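Thanks for making the time this morning. I would like to walk through one model with you, taking a few helices, a few rings and a few backbone angles in turn.

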Amino acid sequence: MSHDNLRTTYRNDYQVPPFLIDRTELHFELGAKATLVRSKLHLRRNPESEAPQAVLQLHGDPGLVLRRLVLDGRELSAADYQLDADSLTLSALPEQCLLECVTLIRPQQNTSLEGLYQSNGMFCTQCEAEGFRKITFYLDRPDVMSLFTTTVAANKRDFPVLLSNGNPVAQGEQGERHWVTWEDPFKKPAYLFALVGGDLERVEDRFTTCSGREIALQLFVEKQNLNKCEHALAALKRAMAWDEQVYGREYDLDIFMIVAVDHFNMGAMENKGLNIFNSSCVLANAETTTDNGFERIEGIVAHEYFHNWSGNRVTCRDWFQLSLKEGFTVFRDAEYSADMGSRTVKRIEDVSLLRTAQFAEDAGPMAHPVRPESYMEISNFYTLTVYEKGAEVVRMIHTLLGSELFRQGSDLYFQRHDGQAVTTDDFVQAMEDASGIDLTQFRRWYAQAGTPRVEVTDSYDTAKQRYTLQVKQCCPDTPGQTDKAPLHIPLMVGLLDAEGHDYALQGGQTSQLLQLVEAEQCFVFDGIPAKPVPSLLRGFSAPVKLSYPYSRDELVLLMSHDSDGFNRWDAAQRLAVEVLQELIAASQAGEVLVLDPALIAAYTQVLSDQNLDPAIVAKLLQLPSEAYLAELADQIDPLAIHQVREFVRRGLAQALEGPLLDAYRRNRSEGAYRLGAEAIARRSLQNAALSYLMALEQPRTLVLAQQQFETADNMTDALAALSLIAHSGFVEERQQALDSFYQQWQQDPLVVNQWLSVQALSPRDDALEQVQQLMRSALFDLKNPNRVRALIGVFCAQNAAQFHRQDGAGYRFLADRIIELDQLNPQIASRLLTPLTRWRRYNEDRQRLMRAELERIKEGDLSKDSYEVVSKSLI
């Protein structure tokens, strides 16, 4: 592809569409080699458009073969329209008209997995963001909302199940073929269109809504997956009930369908009434799915269901507003997951992702605001900034308004904009109007990129018993943005006495919300009898980097006594980070490493506290990840980070072997597998303890892991033990465990993906060669995104010490894979680029090697997906 004519789209250039499509009628003839698509578009001039001429430019794709075009019954010749690679243009159209179009497409050859394609012989679609234009010529933009009627016809033997959006209204047969017509009574943009045709089994359940309506719930899977449907359907019912109770949102169709697909670029897609899921995000049972997998599926099923209102009934005006639906819905699914399990654990997991991956994104060449200002390829902006930081922005609104006013704001938003395509400003305006709270300054969170930094110092006046917090905020420059204005930052704080008890603050509460709106601000607390230890940013009330000069004794106090569960964990992380950073510096200076006894004492106290939830103990014992330590470093030294972290793990294991062994035995799974919160918590602590014990590299601890691996009745325990054995120095036992696991699960693609990831994460020096060997095996398929993510993605993004080998082999490996993948699936290729884009964070030798690979990638015939990422990384 030539990059000379690549167009950048800007938010400020938005114009309303010149035409609207009131009704869309589609007819698909699914064929063995090609598919014929007939469309009827009922068009009318948009009264809000100021375009002087009645010109209609429909989006298209080079893969579309135009067979016939008819306007109001008159067949058009080539002279009546202009056709190019990505559009079809007609001029001088009447105010209202019917445009009929026949196109031929070849889904079997579509490796991009956008538009209509095949997965394991099944026809399926993925139209967000701009995939519908690969199906037929259309106004493929989210602000064109239409009523869809879809007829799907295919060979009955090969494709007995034919699905689309809405409710089925007619069906029939003709010879070997059959057809089904679906009608969606709600207007939607083309990105929410869905179609599935395949030989699928159906698992069904029912849900009764708050108004007494019976909804059919259907999950379609391949026959071998029938035993993996129960959890997703139960999660769906819980999500439907929760959305009614918390948001007052009732489902609006008679049927809700989910289809599991093996080849899928994303996690899942909220198509109206017909959700299409990556099989890894919906199929589960105890034998094949870990506790984390079950919880992930619960959250994703809820997320896609919640989109029915926050995304479908009210959608985004343009793709710059993507966080309107995604940020709000991620917040909703996070709150749902917190209500279903441990709120503290959920918050810890969400913030860990934000601090490692999203903060790194904010500091990289692709940094952008929650509401971006421009893009070459919108697929590159399905990012952690739009999703996770966007959710944090909504969470801050919830914090500032409180639950009751936030609910009033969401009610007003849905009432005011039902059936519309709107903006993030419309969302904030609804919150403002419902609450009466001025959010003018708060809107900057949507417009400014980068992670704000909040610096806190304090003082105490003994005579006046007055405690003062001095708070400063700033935000570093990001590409295209300098001199950031102060943000409206909600800062939740508590104050602890020397025994770790909370002081009573405003209104007798143990936490108080401070609103930071200036570059520098002071907050005064009177009636505090002694200088307190501040518990800052409780619950991670804002997505910022906070600094305060805590002593290690103060961190131990917070870690042991803070009533805020998140800050208790955060204090443990801060303490460990300090110790690790000192040791990394010592390692780089060639000094002898000595583990600080304060860390050992702190972890000893955690293990001895029998009143703590085992899930919280497991989180408190978890050392900061290598990715987080890298994000905190001025210059990243991946090998030093890895080696020092392993040194600390071994040191803690040696000092705490007895208590760790007690914790392991006390929490060891007994009896049949259970999925409840208590059982999950016990398994998490059991496996956290085993992880430390295996760091000792002793035969006595290897026996524990082997026994767990061989007797496990669930994937959580089996995979944890396999990972520890596979990453140990016991070479023979390592290979035996890997071979045994593969022999047992080789017929299950999702479990094989987990097996691949275990090997991709190997700390051994031959990890890259092992990955390359696995790629050459018959089980690896470069066209399957799940396989690519499990092996290539995990190695390059999560195995830093091996990916960043001194010889640059890891960089060359990733560059080669991106060049290959870009020809097949540009979306996946561009997302794999991330590790190379952060080349400026490393030393000169690594910078030179990484930049050279980016230059080599850029020389090729790149898609605009990959070109945008590479070119911005090299600026």
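This is a predicted model: local features need pLDDT of at least 70, side-chain atom pairs count only at pLDDT 80 or more; totals for chains, interfaces and linings use all residues.

Let me begin at the end of a helix: helix 10 is followed by Gly590, whose phi is positive, near 80°. Residues are numbered from 1 along each chain as its sequence is written, and side-chain values use heavy atoms, with hydrogens and water left out. Helices here are DSSP runs of H or I with at least four residues, strands are runs of E with at least two, and both are numbered from the N terminus.

Helix 10 itself covers residues 565–588, and its 24 residues should span 34 Å at 1.5 Å a residue, which agrees with the 35 Å between its end C-alpha atoms; the expected span is 1.5 Å times one less than the number of residues. Helix 7 is followed by Gly436, with a positive phi near 75°.

Which residues of helix 7 are buried? They are Thr424, Phe427, Val428, Ala430, Met431, Glu432 and Ser435, where buried means under 20% relative accessible area, exposed means over 50%, and partly exposed lies in between, with a 1.4 Å probe and protein chains only. Their cover includes helix 3, helix 5, helix 6 and helix 8, counting contact as heavy atoms within 4.5 Å.

In helix 21, residues 767–775, the buried residues are Ala767, Leu768, Gln770, Val771, Leu774 and Met775. They lie on the same side of helix 21, because they cover an arc of only 160° around the axis, the arc being that of the directions from the helix axis to the C-beta atoms. These buried residues pack against helix 20, helix 22, helix 23 and helix 24.

Turning to rings, the whole structure holds 37 aromatic pairs; rings of Phe, Tyr and Trp (its six-membered ring) pair if their centres lie within 6.5 Å, and planes under 30 degrees apart count as stacked, over 60 as edge-to-face and the rest as tilted. Among them, Phe795 and Phe813 are edge-to-face, 6.1 Å centre to centre with 85° between the planes. This pair links distant parts of the chain, with Phe795 in helix 22 and Phe813 in helix 24, 18 residues apart, and both Phe795 and Phe813 are buried.

His231, in helix 1, counts as buried because its relative accessibility is 10%. A polar atom of its side chain lies 3.0 Å from the backbone oxygen of Phe294. Beyond its neighbours within four places in sequence, His231 is in contact with residues including Arg238, Ala284 and Leu675.

Finally, some backbone angles in loops. The peptide bond from Glu128 to Ala129 is cis, with omega near 5°, and Ala129 is in the loop between strand 11 and strand 12. Phe540 has a positive phi of about 50° although it is not a glycine, and its place is in the loop between strand 30 and strand 31. Is Phe540 buried or exposed? With 0% relative accessibility, Phe540 counts as buried.

How values were computed:
A polar contact is a pair of N or O atoms within 3.5 Å; within protein, one must be able to donate a hydrogen and the other to accept it, and residues adjacent in sequence count only if both atoms are side-chain atoms.
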